[in-house]
Amino acid sequence: MNFKVGITYNLRKDFPQQKDQPIDSFEEFDSEETIDAIRDVLESDGHKVFKLGGGTGLIDRLRTTPVDIVFNIAEGIGGRNREAHIPALLEFLNIPYTGSDPLTLSLTLDKAMAKKLVRSDGIPTPGFKKVERMEDLHGIDLRYPLFVKLCYEGSSKGVRLDSKISEPAALREKVGWLLETYGSPLLVEEFVSGPEFTVGILGNSNPTVLGVMQIEIKGSPPDEAIYSLEVKREWEERVRYHCPPPIPADRLKRIEEVALRVYRTLECRDVSRVDIRIGRDGVPYFLEVNPLPGLSPVYGDLPIMAGRMGWEYSRLVKTVFHHALKRYGMAGTSRNDCYAGAQNRAE
Ligand SMILES: Nc1ncnc2c1ncn2[C@@H]1O[C@H](COP(=O)(O)OP(=O)(O)OP(=O)(O)O)[C@@H](O)[C@H]1O
Ligand SMILES: [Mg+2]
């Protein structure tokens, strides 16, 4: 069962920082080390690996380099469907790939859309309003403190230590700055003031929790702690990860249940990371889900969590890959059968 595996990704180094761009414009993109780490794991498993990248040249590369399956970690470029672009192309070419499908990737990237769906399934998530212009703040019916972030971004892009807002003047100032610096839309959300957790989930028909990791920001009480851009960039000094977290078993179970419900509601596949914060009422509130969680073996939350749960990095990557193979019914096929299939598809 050895396959030709392509890896699709976007590298930070391909997007040199321009003077007029926000400092975190390319925060979501990957480093070459991460791609190499994934390649090494797949190669050590006997597969032939092709680093395919993620720009428009990929369209030609997929035709000249027929692969059996793609390990996709491309965050994509531009707009709320950007994470869906490559999976949609792969579906068009009938090439299997790891991770969620285009619909889930778009729905989860748009935090307001994800919250609407999750809420309609009865899963607790903070009250919110999507804000596209200053006028949208008129008559906003949310309880302070509030939190303001970008609606379609990840890696805490646009999230700063002062993103928690306690009164209307500060809200106008923050919204004005975000609209001017990053553009519309924004998400204004009620601030959830208890401890923060991120939950790793793997699998498909019967998804399971890999781990629950509490994120403690050193020196900040939970009601002030924000896992902001500044904190994520200096995580080694500023964050203490607890995995498994030192909390009562029933609270842990409730967090896991919320995360699994989110995973099912949004029809995630193979892998995802769900961010949750506990409210003053003790309820775990859904913040957002990442169906393309960062896989850096050094600073990715999911690999850190896996490590704390006793999993080697290679086991994490192989498990994600295996879930995808199984989903496509490829887990038991021979390389030649599969390769022939891929060639047929490319024609
Ligand atoms: N409603 C909220 N209440 C309290 N804190 C919040 C809220 N929304 C976001 N945060 C804080 O801001 C951080 C970043 O927000 P969020 O996870 O939504 O953004 P992200 O940039 O998509 O993150 P990721 O890096 O996981 O992709 C959270 O980890 C949390 O600390
Ligand atoms: Mg997050």
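The following legends describe close-up views of a predicted model.

**View 1. Helix H1 and its buried face.** Helix H1 covers residues 32–44. Thr34, Ile35, Ala37, Ile38, Val41 and Leu42 are the buried residues of H1. They fall within an arc of 160 degrees when seen down the axis of H1, so they line one face of the helix. The face turned away from this buried side carries Glu33 and Ser44, which are exposed. Packed against the buried residues of H1 are strand E1 (4–8), strand E2 (48–53), strand E3 (69–72) and helix H11 (313–327). Just after H1, Gly46 adopts a positive phi of about 100 degrees.

**View 2. Packing of H1 on H11.** The axes of H1 and H11 are 9 Å apart, and the two helices pack at an angle of about 75 degrees. H1 and H11 are therefore roughly perpendicular to each other. On the H1 side the contact is made by Thr34, Ala37, Ile38, Val41, Leu42 and Ser44. On the H11 side the contact is made by Tyr313, Ser314, Val317, Lys318 and Phe321. Of the H1 residues in this view, Thr34, Ala37, Ile38, Val41 and Leu42 are among the buried residues of the helix, whereas Ser44 is exposed, on the face turned away from the buried side.

View 3. Asp275 (OD) and Glu288 (OE) coordinate the magnesium ion (ligand 2), at 2.0 Å. Asp275 belongs to strand E11 (residues 270–278) and Glu288 to strand E12 (residues 284–290), so the pair ties together parts that are 13 residues apart in sequence. Asp275 is buried, with a relative accessible area of 7%. Glu288 also counts as buried, at 14% relative accessibility.

View 4. Asp275 has its place in strand E11. Leaving out residues up to four places away in sequence, Asp275 touches Phe197, Thr198, Tyr285, Phe286, Leu287, Glu288 and Asn290. One of these, Glu288, coordinates the magnesium ion together with Asp275. The C-alpha atom of Asp275 is separated by 9.7 Å from that of Met213, and the two residues are 62 residues apart along the chain.

**View 5. Glu196 in strand E8.** Glu196 lies in strand E8, which covers residues 196–203. With a relative accessible area of 10%, Glu196 is buried. Neighbours within four places in sequence aside, Glu196 is in contact with Met213, Gln214, Ile215, Tyr227, Ile276 and Arg277.

View 6. H3 (residues 82–92) and H4 have axes that come within 8 Å and cross at roughly 175 degrees. That makes H3 roughly antiparallel to H4. Arg82, Glu83, Ala84, Pro87, Ala88 and Glu91 of H3 meet Pro102, Leu105, Ser106 and Leu109 of H4. H4 (residues 102–109) in turn packs with H5 (residues 111–120) at an angle of about 100 degrees, their axes being 4 Å apart. H4 is thus roughly perpendicular to H5. In H4, Leu107, Thr108 and Leu109 meet Lys111, Met113, Ala114 and Leu117 in H5. Leu109 takes part in the meeting of H4 with H3 and in that of H4 with H5.

View 7. Helix H6 covers residues 168–181. Buried in H6 are Leu171, Lys174, Val175, Leu178 and Leu179. Down the axis of H6 these buried residues fall within an arc of 130 degrees, so they line one face of the helix. What covers them includes strand E4 (128–131), strand E5 (146–150), strand E6 (164–165) and strand E7 (186–190). Glu173 and Glu180 are exposed, on the face of H6 turned away from the buried side.

**View 8. Met1 and Ala331.** Met1 lies in the segment before E1. Met1 is exposed, with a relative accessible area of 54%. Its C-alpha atom is separated by 7.3 Å from that of Ala331, although Met1 and Ala331 are 330 residues apart along the chain.

How values were computed: Residues numbered from 1 in each chain as written. Chains lettered and ligands numbered in written order. Predicted model: local features only at pLDDT ≥ 70, side-chain atom pairs only at ≥ 80, totals over all residues. Heavy atoms only, no water. Expected span 1.5 Å × (residues − 1). Buried < 20%, exposed > 50% of the residue type's maximum accessible area, 1.4 Å probe, protein only. Arc of directions from axis to C-beta. Contact = heavy atoms within 4.5 Å. Donors = N, O, S within 2.8 Å, 3.2 Å for Na, K, Ca; no water. Axes fitted to C-alpha atoms, helices over the stretch in contact; angles between N-to-C directions. Parallel < 35°, antiparallel > 145°, perpendicular 65-115°, else oblique.
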